[in-house]
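Have the model open while you read.

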Amino acid sequence: MWQNLFQYEFLQNAYLSGILVGFIAPLLGVFIVSKRLALIPDALSHVSLSGVAIATFLISIGILPAAFNPMLLGIVFSVIGAIVLWQLTRQFHNVQEIGIAIVMSLSLGISVIFIALAKGVNLDLTSYLFGSINTISRQDLWIVAILALSTIIFVRLQYRKLFAIVFDEDFIRVRNLRINLVNGTFFVFVGLVVAVSMKIVGVLLISALMTLPVAIAIRLAKSFKQTIVYAVISGEIGVITGLISSYYLNLPSGGTIVVTLVLLLLGVFVWTKMKKIKQKRLTD
Amino acid sequence: MITVKNLTYEIDQQVVLNDINFTIAEGDFAAVIGPNGSGKSTLLKCLLGMNAKYQGSIEYDGLSLTDFLKKEKVGYVAQHSLRYNNSIPVSVQEVIATGCDNLRGNQETITLALGKVGLEGFEKKRLSELSGGQQQRVFIARALAMHPKLLILDEPTVGIDQGRVKEFYELMMRLHREGMTIILVSHDVHLMNTEITKVIAINQGVAFNGNFEEYRRYHANYCECGEV
């Protein structure tokens, strides 16, 4: 495998983009899960898919050129969706879950309609639903790399405000600190990360990459900073192990990544339980 | 210190606060009381600038609410502090850091704030591992880390076991004796009767406004009349 990795560009693209997404998805995921908005990545991946479906339809009727990459409209839709969901969570705090579910169903409905209408254009729906990491080009890798770098810089610079917002937004408002711009930018980054991750893990599995590493980290960490570190490490273990096993077992990468993460979660769960039992015995 | 004049607040055309008037002086320990749904929490949110669309005026030291909040700090301990996302690991020092200048957790400020609430050495502990009473003291330490001129607490003992409530109010009384101006929404006014300097009973409007002795007489007459 290592020989092929150095030889074939598509494998390099796949592994590097996977490693980058494995870093930034859990990084943002910690804040999303802390805000009790774990459904947001799922909703945005569906919104992104509707953008891809509409682009495919527009290509089929000649409004967009055949060479147009449908992913670009998917990214635009995901960012718009992120802003809409941000407003929704701000204005309708008590009914935000219903709002997210409505956005998700609507996007899926739009996707199905436009995929059906886009006759004559071959849209590999499976690759969008379950990911197709081997189709990632060098250009895609550059997009992921730039996004990863911007996400890390944004979180590094705004970490304190982001933490304060997810922990207790009311308290920060009373402190008279301006948080709307940071909050809005955060949602835009989530939209972008979800859209570019679509090819790597797929629409149906992207939320897993944002939430499963956090679920693992929560069981181990004692502080928020530690949660971020453990989530990123878990994300990377999931992506790298998932990609290697997908190569050797000839299975879809999205599925192997998610299954690896779930196995890791189960392992951590059993280990922490056993540790607690051992501690209890010692104290008794 | 605080002058509230003709304060009226409506939600969906329903009057929640109606023509509220009162003053609170510097160094006061004011208790805001009233039945559930009487508008106590809404009043606090108006005082904190969280409910901005009210009619009437709120002045702090002659300044408008907005100008005061830009200049001075108000420590706030919310009722829902006990309902934060408990599943997320957060250390005590991370919580207090959100009260520090620029949200930067200065170690000295954190240690000092924890010392004031009797939680020395708790910096590295995970918040969810603490009892309800200890958690609420952490939130008070966070408010104190701001070096506030005024401390506002909204039913801070909700969810704390009875044994710890007295301990909690002793802390409040100590802070007041150190010179802190405190506004507290609570049902347990009797536990601090020696300390409270002002009672404001509201039920949409102000039903009573005076010191604790006057309140006790008012309450006794009120009960005798059978108007409860």
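What follows covers the helix pair, then the cavities.

Keep in mind that this is a predicted model. Start with chain A, where helix H3 (residues 40-60) and helix H10 (residues 206-220) have axes that come within 8 Å and cross at roughly 165°. Angles over 145 degrees count as roughly antiparallel, so that's what H3(A) and H10(A) are to each other. Their crossing is right-handed. On the H3(A) side, the contact is made by Pro41(A), Asp42(A) and Ser45(A), and H10(A) brings Ile206(A), Ser207(A) and Met210(A). Sorted by class, that contact has three nonpolar, two polar and one charged residues.

Now for the holes: the count comes to two cavities of 30 Å³ or more.

| Cavity | Volume |
|---|---|
| Largest cavity | About 50 Å³ |
| Second largest cavity | About 30 Å³ |

Who lines the largest cavity? From chain A you get Ser34(A), Phe163(A), Val166(A), Phe167(A) and Phe224(A), while Asn85(B), Ile88(B) and Val90(B) come from chain B. Helix H7 (residues 138-167) of chain A gives the most to this lining, with three residues. By class, the lining of the largest cavity has six nonpolar residues, two polar and no charged.

The second largest cavity is lined by Thr109(B), Leu112(B), Ala113(B), Lys116(B), Leu144(B), Ala145(B) and His147(B). Helix H4 (107-116) and helix H5 (132-145) of chain B are the elements that give two or more residues to that lining, and H4(B) gives the most, with four.

Conventions. Residues are numbered from 1 along each chain as its sequence is written. Chains are lettered from A and ligands numbered from 1 in the order in which they are written. This is a predicted model: local features need pLDDT of at least 70, side-chain atom pairs count only at pLDDT 80 or more; totals for chains, interfaces and linings use all residues. Side-chain values use heavy atoms; hydrogens and water are left out. Axes are lines fitted to C-alpha atoms, for helices over the stretch in contact, and angles run from 0 to 180 degrees between N-to-C directions. Angles under 35 degrees count as roughly parallel, over 145 as roughly antiparallel, 65 to 115 as roughly perpendicular and the rest as oblique. A crossing is left-handed if the near helix is turned anticlockwise from the far one by less than a right angle, and right-handed if clockwise. Contact means heavy atoms within 4.5 Å. Ala, Val, Leu, Ile, Met, Phe, Trp, Tyr, Cys and Pro count as nonpolar, Asp, Glu, Lys and Arg as charged, and the others, Gly among them, as polar. On a 1 Å grid over the protein atoms alone, a cavity is a set of points where a 1.4 Å probe fits but cannot get out, and a pocket is an open set with protein on both sides within 12 Å along at least five of seven lines; lining residues have an atom within 4 Å of a point. Grid points are joined across faces, edges and corners, and a volume is the space filled by probe spheres set on the points.
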